Number of protein chains: 2
Amino acid sequence: MPVINVAKHCKNVLKYLNGTGAFYIKGADTSIHPDSDSELRFYQDSNMLYISGVAEPGFSFVYDINNHKSILFAPYISPDEAVWIGSQPSHDEIKQTYGVDQVHSMTDFETVIKSINPQTLYRIDYQSDAQVSALNLNINSESLLKAIHEARIYKEPEEIAILQKASDISSRAHALLMKNNYVGQNECNVHADFVGSIMNQGSNREAYTTIVGRGRNASTLHYIRNDSPIEDPTDLVLVDAGASYKGYSADITRTWPAGKTFTKEAKEIYQIVLDMQTAVLDASKPHVQWEDMHMLAMKVAAQGLLKLGILKGSLDEVMDSYIVGYFFPHGLGHFLGIDTHDCAGYPEGVPRINKPSIRYLRVRREMLPGMVFTVEPGLYFVHDLIEEARNTPELAKYVDFDVVQKYFKVGGVRIEDNIVITEDGILNLTTAPKTVEDLEKIKNSE
Amino acid sequence: MPVINVAKHCKNVLKYLNGTGAFYIKGADTSIHPDSDSELRFYQDSNMLYISGVAEPGFSFVYDINNHKSILFAPYISPDEAVWIGSQPSHDEIKQTYGVDQVHSMTDFETVIKSINPQTLYRIDYQSDAQVSALNLNINSESLLKAIHEARIYKEPEEIAILQKASDISSRAHALLMKNNYVGQNECNVHADFVGSIMNQGSNREAYTTIVGRGRNASTLHYIRNDSPIEDPTDLVLVDAGASYKGYSADITRTWPAGKTFTKEAKEIYQIVLDMQTAVLDASKPHVQWEDMHMLAMKVAAQGLLKLGILKGSLDEVMDSYIVGYFFPHGLGHFLGIDTHDCAGYPEGVPRINKPSIRYLRVRREMLPGMVFTVEPGLYFVHDLIEEARNTPELAKYVDFDVVQKYFKVGGVRIEDNIVITEDGILNLTTAPKTVEDLEKIKNSE
């Protein structure tokens, strides 16, 4: 079974590319560390992966639009090289593996393109054009990338199945971490066990740089040092980590107590974040605007923080002030797919909303079936942002800084699931435990 | 404690760089995946790591030769960025961490260089010169890299301590794998457990692309798919894997039976490879030529293969024919340090020896104290090489292909340790078990 349906993906691209001739996508090559012969970790070009499913170096892809033919170009491996890297599959085998119409050797690239003789050859402008610039063709570098980006927004069933698998692998790894006792260990041990678990389940790497932050470290949004001792059982541990599977990403966050139970303050903040997420999951369905979901999460946060006395004033005043953005300073979530922050979050001409928190929102679109989002509300006690609020009179009046002080140790809480928009609601791909009750039960089960 | 002794490393470079003024090394920046915002795994420039010990992105280094001053330039982090990545250490803290004389912000690069006003600014030619080309200085791009390469050959005590730690982490991980039973599992599980183990011990990544090859897969020298089921307990499993620690590499190979015991044939081949390694370890000491060690390993292999009847003829004839190179097709070992294949294996003007096997030797040097080598003999039954020998009359006459057939299933055996040349011999950094007796004992200990 091919990884993805190449014919379908090409058709999807052609919905947004009104052209004749052919389009060309260059796959990534192996990268070598400078001044050495060390191969670096391989990352396939995301657009090549979308169109072909190929996650190996040295391949390129051409689609003959007029004749509806998908063509994969495989790297040429000399007999000498084959001794070192093993005998390679035949072109017929490659054809079967990826479900393309033709496979040729990269050495025949020029001949094949000349035989197609495309009126226009569409290419992606950020990719090297060494392969095509010598061919003296009518080249268009403007339309293809936009078309692929639009196509990538709507996931095909086989892509959703891969994303489900990436999420399953990651959910199981997160569940495993919760079961372990890391008090007396280090953030790096949490990270190590996550990587060991996803690789043991067939993922070849993390989808993105894992964040493991205990206690106050969780208030650094992009904390990736992951090297602090975990000593205090009353600390929370925030783990933002996902597996890459067949080139697609999971992106999941869980936050749990290092010891057996939440502190009162940790539980209160945690429950607000979970309420933010639940409200968004319940409200998500086709034709809802994503920025409205962000504002819904903000509102639930405002209500919760008002109840705790961290914020003061009326709900309307608090919402109008955007003070919540100082405790929830990032966007609610983003498109997820091949890239962890998947492409095309903003349609052409749609600007960012320049207000705290929502200015970082990575998507402003109408939710439509086939879209895949992360839903990742969070609340944090970020020192610098609290000081900024304190020093801004029109914000400071909505904050009780004495109460904030009581919650400072909580650091930060984020809960992140991966969802697919369906015809009438959502499918939640993420199954790792997340209620206070479930987490405390797991923590007490040894 | 700084990672390395910056003043000493600069002094080492100046032994080979007869110049006045200053030298400049640019550290690597974070790389972003094309058409996305995903940060790729960070790899520091190896020469920057040698001179500064810095393994974080965005730093650069200048040494003021006339005034013996080491200067580190730290990336500028804006208050906005600090909310996301956390508050950064002060320049004083960075000075302490890395043991340099001065720390400045990268934004002050031009001012600082102008105040040094170097007669010549030495730089590395493969690095971007955007930072210095505007300064209108007398630039030399030819001498610095050669000087650093020569300096990097001889490891300082603190570098050997780091390499020992990288090797210890890796040896423990290898020992752990031997204890597990992978029959019924997959090569990927061996790989996963290795990565989990080294990360749990404080390594942040593998030093190079891990090879896990069971049975015939081990006959592919650079087999990195690591995705075959391990079903046959009579298969060998070859694991070539090392941890990166503080930017330095371990590079260790162990080969062990998937089940509880070696087959007769596997044991015979394994013992020859161990004999090849033992002979080299015993003979290694200052002033011995490394290519002589390669030929010693070849000779021990020839003796062993003659005894098994795989080869035939006199030892001298067999050695002169280089037929052993068809079963031991790679070099005996290489320099090890920051890079897994560390720099400067060939002094200027020394060519490769164009004969089977030894043509791939990565070092032709006199062994001297402070050098660090891998010693990694191997024997393999590579289909394509055996066929090549069969079809070459002057080689075929030394091979009994019927006997070869009996050993074909063994696939390949490699045993690789990391050694330091000392004043009177070697220090072996690698402690993972490797005798037939020890391996079978471990395999039977559950």
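A:Glu81 sits in helix α3 of chain A. In this predicted model, A:Glu81 is partly exposed, as its relative accessible area is 37%. The patch draws on both chains: α3 (79-85) of chain A and α13 (383-390) of chain B each bring at least two residues to it.

Helix α13 of chain B has another charged pair to show. Here the side chains of B:Arg390 and B:Glu387 come together in a salt bridge, with 3.2 Å from N to O. Side chains with opposite charges can pair up like this when their charged atoms get close. B:Arg390 and B:Glu387 are three residues apart in helix α13 of chain B, so about one helical turn separates them.

Within it, A:Arg152 and A:Asp342 form a salt bridge of 2.9 Å, N to O. This pair links distant parts of the chain, with A:Arg152 in helix α7 (residues 144-153) of chain A and A:Asp342 in the loop between α12 (315-321) and β13 (372-375) of chain A, 190 residues apart. Both A:Arg152 and A:Asp342 are buried. Over all chains, the structure holds 37 salt bridges.

One more of these bridges is found in chain B, between B:Asp417 and B:Arg254, whose closest N and O atoms are 2.9 Å apart. B:Asp417 belongs to strand β16 (residues 417-421) of chain B and B:Arg254 to strand β12 (residues 252-257) of chain B, so the bridge ties together parts that lie 163 residues apart in sequence. B:Asp417 and B:Arg254 are both buried.

Moving on to helix α7 (residues 144-153) of chain B, this helix is mostly covered, with eight of its ten residues buried. Among the buried ones are B:Leu144, B:Leu145, B:Ile148 and B:Arg152. What do the buried residues of α7(B) pack against? Their neighbours in chain B are α1 (6-16), β1 (22-26), α2 (46-52) and β5 (121-122).

B:Ser244 is tucked away too, and counts as buried at 3% relative accessibility. Its place is strand β10 (residues 243-245) of chain B. Leaving aside residues up to four places away in sequence, B:Ser244 touches B:Ser203, B:Asn204, B:Arg205, B:Glu206 and B:Ala207. Between B:Ser244 and B:Thr30 there are 18 Å in space, C-alpha to C-alpha, and 214 residues in sequence.

Most residues other than glycine have a negative phi. A:Ser357 is not a glycine, yet its phi is positive, at about 75°. A:Ser357 lies in the loop between α12 and β13 of chain A, and counts as buried at 2% relative accessibility. In chain B, B:Ser357 has a positive phi of about 75° as well, again without being a glycine. B:Ser357 falls in the loop between α12 (315-321) and β13 (372-375) of chain B, and at 2% relative accessibility B:Ser357 counts as buried.

Note on methods:
Residues are numbered from 1 along each chain as its sequence is written. Chains are lettered from A and ligands numbered from 1 in the order in which they are written. This is a predicted model: local features need pLDDT of at least 70, side-chain atom pairs count only at pLDDT 80 or more; totals for chains, interfaces and linings use all residues. Side-chain values use heavy atoms; hydrogens and water are left out. Helices (H or I, at least four residues) and strands (E, at least two) are DSSP runs, numbered from the N terminus. Buried means under 20% relative accessible area, exposed over 50%, partly exposed in between (1.4 Å probe, protein chains only). Contact means heavy atoms within 4.5 Å. A salt bridge is a side-chain nitrogen of Lys or Arg within 4 Å of a carboxyl oxygen of Asp or Glu.
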